[in-house]
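Reader: I would like a close look at a single part of this model, with the cut-offs behind each term spelled out as you go.

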Amino acid sequence: MSIIAIQPTKRGHSESVWAALRRNPAVLTGAGILILTLAMALSAEHFFPGDPMDMVAAPLLWPGADPAYPLGTDSLGRDVASGIAYGARASLLIALSATLLSVTLGVAVGALAGYHGGRLGDVLMRITEVFQTVPSFLLVIVIVAIGNPTVNIIALAIGISSWPTVARLIRAEFRTLREADFVTAARSQGFNNRTIILHEILPNALAPLVVTASILVASAILIEAGLAFLGMSDPNKPSWGGMIGSGREQIASAWFLTALPGLAIIFVVLALNMLGDGLNDALNPRLRRYLP
Amino acid sequence: MVDRLRILRLARRTLWQAVPTVFGILLLNFLLLRLIPGDAVDVLASESGGATEATLALWRSHFGLDLNLGQQLLAYLTHLAHLDLGVSPRFNMPVSQLVFDRLPNTLLLMVGALGLALTIGIAAGVLMATWVGRWPDRLLSLAVLVLYSAPGFWIGLMAVVVFSVTLGWLPSDGIETLGLDLHGMAWLTDRLKHTVLPVLTLSTFYIALYARLTRASMLEVQRQDFVRTARAKGLPPTRIAVRHVLRNALLPVTTLAGLHFAALFGGAAVTETLFGWPGLGRLTLDAVLSRDYNLLLGILLLSSMLVVLVNVSMDLLQAWLDPRIQVE
Amino acid sequence: MSFSRRQLLIGLSALPLLGASVPFLPNALAAAAAEAATGRRIFNLLVNPEPPSLSSFNTTAGTTVTASSKVLEGLLRYDESLTPQPGLAVAWSVAADGLSYRFDLRQGVKWHDGQPFTSADVAFSLDLIKRYHPRGGSTFANLLAVDTPDQYTAVVRLAKPAPYLLRAFAGGETPILPKHLYETGDPLSNPHNNAPIGTGPYRFKRWQRGSYIEFERNPDYWGVDLPVVDTLFLKVAPDSAARLAAFENGSLDAGGQSPVPLSDLARITQSGKLKFTTRGYAYSVTPTMLEFNLDHPLLSRHEVRKAIAHAIDREVIKKVVYYGYADVSVSPIPKNFPQYLYTAPNPYPFDIAKANTLLDEAGLPKKGNARFSLILDPLPYGDSYARTAAYIRSALARIGIDVQLRSQDFPTYTKRIYTDRDFDFAVVGMGTMFDPTVGVQRLFWSKNFRKGLPFSNSTHYNNPEVDRLLEQAAVETDEQRRGDLFKAFQKIVIEELPSITLVMQQQVTVFSARVTGFETDGNGLDGSLSDVRLGDEAIAHG
């Protein structure tokens, strides 16, 4: 009797998250645009020395009319190209810090509510609901009216108005995950609550959080633009929303003043949304390729 | 019979839970408003071009603004218990009258925008899901993504330039043409023409949102076992698409639509300013600018209650659609 | 597949047909169509922002004056040189000592509710204005009494002469109110403040808050065959793009206070359907000024203020900030008072080098990028002050002063400047009104420094000589001597710089070419609009 050697079945593996991200065209495009924008924001001084708010030339020059000002000038004679380059800073800064604030607040509230549940959870969710039911844009306007429109206050206002979304998401995740086996295991090993929340559950809730964060950054940019439209933007720093706001008067004749910063906003928000989509797909285990 | 009982219990529970929420909103707004520098009398004085110190003191005591925070809150709550929203110092009118005068205009805008967004969005989403991966899907997806990323008021501004200034097809301000005593169809047409641009501006973001969501949701549901079963059973494709796939795919959409009601109030503020639409959004802005606490509280209270109401209805709708949802 | 591609294509091709079936009105004919449909002559006037109330006896809010003056009239009207014309008074005379003014009133005038207009109404109204109007208190400060010897004669008696008084009787500034409706109760909460009853060419009909105010023609108006307009709408339009579109498609006939972006004026008036004018603002010219908080450690120093003055090029402000629609001015008194105007050259002309030297000599060298930093608060009314502030920022950067702009809403601004005095310097614009004593004195008179009172002396300027000059000019009846007093006053403030006057704004009125009859009024669109005509007068009206 011959023994037929049975070949061990070759086991492949599911591709890693990183590999899934790398092959996703949406992620690549989105990340690419964002990196470009970031580079532009950081190197603005190099390409546009001087103060972007300085009145440097004849007002309302069309793009291309004067080679020194490729994107034209606004109604006060300020360089539009310089404004867009420096404006990336304010817009990105506001969006990123607002999102950081809302993520921090949201995770804190949501984690506690989801993990502990019971009375504490109810109270926390009640508070979340209160903030969520007040129309968020109106809340932002009220907060900005309390202080002056500066980059810090605007970021604070947007952050405060958007944390409920994160809180609800994190709470849902924690409610599901706290029943998981690895949590029981960790508890039986004697880890305290704080360690379990931070080191066990939170890393597993990261995926939807990252996707939500990218959407929050995008919406923060849009909210800032809306605020600037209503006249509540920082007058000392160029921002894309602010440029749309001050260029609004000339919409019929020099519409490039509104169109160009609007396009900049569209590009960045588009990139963020594509990144979010891509992250969503890449982090979805069912969409990952099987590599034999 | 059991079904109806379940829904009634659910309704009662959700409404009961809404009370502390509304109270919390009241408290929050009251505190926030007091933090804004200046009060309504400052506004009245500066708007009139100045006033004597005596007049300022008189106005302050007349509007109860010289009391401390606790007393003002108590006074407000007492009025509220009598269903009295107070008087607006800036407009010299009862708050309830101001709010209910403008409420229909805002509701028209919001319901119109939501309706349009749901119709076009879901239709687009269905189209994209039907031709997933092929060029109609790719094209629509790109268009939807751009729509999703553009500031609504920017699109509104561009629309005003094209349709109002250049082409002259649509009006750009107000809710109706003044001075015409129109009736019937003519009145309806005039009102509709004034509504087109504002509703379009407000809805762009949500069209894109619902399109994306419907597409993702339909693709998700199409993969489910029961769809495969239906196909195996030989049911006609239209019937599968509508009765099985779409019906289930719409659940997340309806949830979101309810949540967006609150967000629409804020978006309405920008749209209403752009088009001179006499609605609650603009009234809120005016109230903040004129430190009109009574008016602002009245609006925020009303809008919050409306949101709670819509959320409750959404919950009930879902409970009716999905028999698995029980009272916890 | 439920849809076939063919079905989809057929569906899409039907869309253009849908669009074409929506009827549309061609450009600039909306109003005319309305009139053709109803036979009524309709005039659409812009008000921006929406007025807080409709009676101007207790407020100087710009749009309240606009609305109020259609319904409530004054004793006099004025032409472009501010010469008095008959209004509710047909003749008037001033006593030699300037202490009494006699007005012969128009007879047969009725209030909108049918009651007769008499001198009792005049006496009552002037007293009301003195008590409640923000400027009335100082304009009529010397009012002793108003005698009414008969129904149609009113004699205004003063304790001291008031040389500016004859110009104070415009309908928007000093409206005559019906005594029988205001004599009981608190005038400030009288419901007629929002539904006025007056003697004017238009009757109040309806106020649709947030949208429009409707006035209808007064058939019993004292003006013969006037007004021609049947319905007057005051439309609220907060957004500049929407206003522009409204002018272009005909839903607005006229709007004052530069209602459209000035850079668009040439374009929209090109076709001739729309016109613009800078006439009609003689009753109040508004200067743009830079006011310093003289209690600020650095700005209390004269050299610092002189340096700032040297760094500002008024021509740039005129050409860029105001698109050319402004008059460069060093003096706080405008050109329409030639008898009072100080015309010596600017002691601090535009000179960057000089400015830098002054600051160096003042012991304020550059530390790093800048010498010191200041916060600038522009008046949040329209955007011209913010633009001026942006220019100031740019200009002062060249002499090493780092200027931070602060943006806030109106109540926060007035509280900060006039109550808390928590500011460094501000860009302001306060109307010079119909006489320097009324509009200019309030900014420089030390007794008008009152915390908590908006639009008072915000700089805390206190110069006894200036006080003396202003107080004397307030009661000086001889025009020549008065002029000398004002000129001496201007010389001092132009040198001492408690504030820097930059330009006198030119306001622009945009109007449809078919509209005539308002530009010759010194108050322009803020007059009663009784003489407005809308093109052809062929349509008969009842």
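How many residues does the contact take from chain B and from chain C?

Author: This is a predicted model, in which local features need pLDDT of at least 70 and side-chain atom pairs count only at pLDDT 80 or more, while totals for chains, interfaces and linings use all residues. Residues are numbered from 1 along each chain as its sequence is written, and chains are lettered from A and ligands numbered from 1 in the order in which they are written.

The contact takes 50 residues from chain B and 51 residues from chain C, where two residues are in contact if their C-beta atoms, placed from the backbone, lie within 7 Å. On the side of chain B that touches chain C, at least two residues each are supplied by α2 (40-48), α3 (53-62), α5 (95-130), α7 (152-166), α10 (237-275) and α11 (280-289) of chain B; helices (H or I, at least four residues) and strands (E, at least two) are DSSP runs, numbered from the N terminus. By class, this side of chain B has 22 nonpolar, 18 polar and 10 charged residues, with Ala, Val, Leu, Ile, Met, Phe, Trp, Tyr, Cys and Pro counted as nonpolar, Asp, Glu, Lys and Arg as charged, and the others, Gly among them, as polar.

Chain B also has a side that touches chain A, where 35 residues of chain B are in contact with 32 residues of chain A. To this side at least two residues each come from α1 (2-35), α6 (135-149), α7, α10, α11 and α12 (293-321) of chain B, and α10(B) gives the most, with eight residues. The residues of the side of chain B that touches chain A divide into 26 nonpolar, nine polar and no charged.
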